[in-house]
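Biologist: I am new to this structure. Could you walk me through it?

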Amino acid sequence: MYNHQLDTFVKVAELGSFSKAADDLYISPTAVIKQMNILESNLGVTLFNRTHRGLTLTRAGESLLADVRHIIQYCNEAAERARLADAAGKSTIRVGSSPMTPSSFLVELWPKVRKRCPGASFKLVTFENTPENARRILANLGEDIDIVAGAFDDAFLKSRKCAGLLLDHMPLRVAVPTSHPLACRDELTTHDLKGQEIFLIQRGWNEETDRLQDFINDELDEATVEEFPFLCLDVFNRCEEEGKLLVSIDAWESVHPLLSLKPVEWDFALPFGILHSPDPSEQVRAVLDAIAE
């Protein structure tokens, strides 16, 4: 936007030293002096009084300093206005991201979105996955975060005051610690789970996990279910540390490196998709329509 010799000039003027300005700008004193000599030559004026006690501005230097500060500020404001004008023609969708809410689903969906919404772009917004944060974010989608990936059913959406776009039904699998005897199996049978301790999210979170818990209690009476209230990293850590199994899905496969996700010979699948505001913005609605197409 402007000659960056002006930035160097301001720094020298403020610090009263070529060497101090060089340290602040992470360049050599020789480079600073060369820039100032060129600037003075181009302007045809002397900007600094050079004495053994340091540098002071000449009257020309004082005049230039006052104007340069306005020039730099104006150029920065002009650049920001240009960025805002450019952004006005685009749709930036803010995607919430945490270990439990992966953003990898965007990779497969991006071609469809780009085709229908050529001006769309995604910005990842990371957040700490706590019960309080999860409830706050879902109840206020559209403010700081536009969409989040996650599992849901109708009761979940109603209680969290948000809406959902179903993408897939993800088979419920079992995460097994790499030190567990079942870790060597490619696939597990229900017989393999007899006598095992299994972590499963508490009742009321999702109809399908409730149905699975009934199945385990009725058909795998030798297995025990330990409920947990909220899925977070601590649950995955406990699973590995205590040598227990954890009901999980493919979306959470990479959460813990010492847990291996195994398919199971049963028929349970978790609805998974995009959570969004019940009243999304036009930009978000256009992206959701493109994904749903």
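**A salt-bridge network**

Modeller: Glu197, Glu226, Arg238, Glu242 and Lys244 are linked in a network of salt bridges. Keep in mind that this is a predicted model.

Biologist: How many salt bridges does the count come to?

Modeller: A pair counts when a side-chain nitrogen of Lys or Arg lies within 4 Å of a carboxyl oxygen of Asp or Glu. By this rule, the count comes to 15 salt bridges.

Biologist: Which helix holds both Arg238 and Glu242?

Modeller: The side chains of Arg238 and Glu242 meet in a salt bridge, 2.9 Å from N to O. Arg238 is partly exposed at 31% relative accessibility, and Glu242 is partly exposed at 37%. The two are four residues apart, about one turn of the helix, and both lie in helix H9.

Biologist: What parts does the salt bridge of Lys11 and Asp24 tie together?

Modeller: The closest N and O atoms of Lys11 and Asp24 are 3.0 Å apart. Lys11 is partly exposed, with a relative accessible area of 21%. Asp24 is partly exposed too, at 43%. Lys11 lies in H1 and Asp24 in H2, so the pair ties together parts 13 residues apart in sequence: helix H1 (residues 5–15) and helix H2 (residues 18–25).

Biologist: Is Glu40 buried or exposed?

Modeller: Glu40 and Arg50 meet through their side chains in a salt bridge, 3.1 Å from N to O. Arg50 lies in strand S1 (residues 48–51) and Glu40 in helix H3 (residues 29–43), so the pair ties together parts ten residues apart in sequence. Arg50 is partly exposed, with a relative accessible area of 40%. Glu40 has a relative accessible area of 10%, and under 20% counts as buried.

**The sheet and its helices**

Biologist: Which strands are the edge strands of the open sheet?

Modeller: Five strands form this open sheet, with mixed pairing, in the order S9-S8-S10-S7-S11. An edge strand pairs on one side only; here these are strand S9 (224–228) and strand S11 (259–262).

Biologist: By how many degrees are neighbouring strands of this sheet turned against each other?

Modeller: The value is an average over neighbouring strands, with direction ignored. It comes to 35°.

Biologist: Which strands does H8 touch?

Modeller: H8 packs on the sheet. Its direction makes about 155° with that of strand S8 (197–201). The strands it touches are S8, S9 and S10.

Biologist: What angle does helix H9 make with S10?

Modeller: Helix H9 (residues 233–242) also packs on the sheet. Helix H9 touches S7, S8, S9, S10 and S11. Its direction and that of S10 make an angle of about 145°.

Biologist: Why are the buried residues of H9 on the same side?

Modeller: The buried residues of H9 are Val235, Phe236 and Cys239. They sit on the same side of H9 because they cover an arc around the axis of only 100°.

Biologist: What covers the buried residues of H9?

Modeller: On the other side of H9, Asp234 and Glu241 are exposed. The cover over the buried residues includes S7, S8, S9, S10 and S11.

Biologist: Which residue just after H9 takes a positive phi?

Modeller: The phi is about 65°. The residue is Gly243.

**Gln213 and the cysteines**

Biologist: What is Gln213 in contact with, leaving aside its neighbours within four places in sequence?

Modeller: Gln213 is placed in helix H8 (residues 207–219). At 6% relative accessibility, Gln213 counts as buried. Its contacts are Leu200, Ile201, Arg203, Val225 and Glu227.

Biologist: How many disulfides does the structure hold?

Modeller: A disulfide needs two cysteine sulfur atoms within 2.5 Å. The sulfur of Cys239 is 13 Å from the closest cysteine sulfur, in Cys232, so that pair is too far for a bond. The number of disulfides in the structure is zero.

Biologist: Are Cys75 and Cys239 buried or exposed?

Modeller: Cys75 has a relative accessible area of 11%, which makes it buried. Cys239 is at 0% relative accessibility, and this residue too counts as buried.

Methods. Residues numbered from 1 in each chain as written. Predicted model: local features only at pLDDT ≥ 70, side-chain atom pairs only at ≥ 80, totals over all residues. Heavy atoms only, no water. Buried < 20%, exposed > 50% of the residue type's maximum accessible area, 1.4 Å probe, protein only. Contact = heavy atoms within 4.5 Å. Pairing = 2+ DSSP bridges. Axes fitted to C-alpha atoms, helices over the stretch in contact; angles between N-to-C directions. Arc of directions from axis to C-beta.
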